[in-house]
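Dear colleague,

Please find below the structure that I am handing over to you.

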Amino acid sequence: MVRTDVGSIGITDSVGSLWSDFYQAGKSSSIPDADITEYESVTANYSYDKGTSSFNVIVGCLVNSKCALHDELDTFTLPEGIYAKVSLNDTDPDTVSRAWSDIYNHSGILNKCDFEVELKAYKTDKSGIDIFISTT
């Protein structure tokens, strides 16, 4: 997990290093009871602080149950609630960036979302990404 902020110059590097560590260090294959049937991996942004625009980012996968994890792994439990879902048919970073621009520029979505929890779920079949945003 890293804590970063909106517009941070090093945000791409810090989040990229999380992904690298997750896959290249073998953490993805060492998670007990991992559920990769629909989503191969997820990125969760949470604990957003509107005053500083900072937030936590965690990279991982869904698990079927609470299980004993390695000490070096962080956990995040998705809070119950209502989430807006935006589905993308592509995983290209430019497509994701355009989707976020569309989300931020769409007043109907902005009026309903509190952005306290954002979850990007990467589909196992590599066909796209589902973005979930907590709503008020």
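A residue is called buried here when its relative accessible area is under 20%. At 1% relative accessibility, D130 therefore counts as buried. Please bear in mind that this is a predicted model.

D130 is also where the salt bridges come together. The structure holds two of them. In one, the side chain of D130 meets that of K85, with 3.7 Å from N to O. Because D130 belongs to strand β8 (residues 129-135) and K85 to strand β6 (residues 83-88), this pair ties together parts that are 45 residues apart in sequence. K85 has 48% relative accessibility and so counts as partly exposed. D130 forms a salt bridge with K123 as well, the closest N and O atoms being 3.8 Å apart. Through shared partners, K85, K123 and D130 are joined into one network.

The second topic is helix α2. This helix comprises 13 residues (93-105) and reaches 18 Å from its first C-alpha to its last, close to the 18 Å expected. Its buried residues are T95, V96, A99, W100 and I103. Viewed down the axis of α2, they fall within an arc of 140 degrees, so they line one face of the helix. The face turned away from that buried side carries D102 and N105, which are exposed. At the start of α2, a side-chain oxygen of D92 comes to within 3.0 Å of the backbone nitrogen of D94.

Beyond its neighbours within four places in sequence, T95 is in contact with L88 and D90.

Yours sincerely

Technical notes. Residues numbered from 1 in each chain as written. Predicted model: local features only at pLDDT ≥ 70, side-chain atom pairs only at ≥ 80, totals over all residues. Heavy atoms only, no water. Helix = DSSP H or I, 4+ residues; strand = E, 2+ residues; numbered from the N terminus. Expected span 1.5 Å × (residues − 1). Buried < 20%, exposed > 50% of the residue type's maximum accessible area, 1.4 Å probe, protein only. Arc of directions from axis to C-beta. Polar contact = N/O pair within 3.5 Å; in protein donor to acceptor, adjacent residues only side chain to side chain. Contact = heavy atoms within 4.5 Å. Salt bridge = Lys/Arg side-chain N within 4 Å of Asp/Glu carboxyl O.
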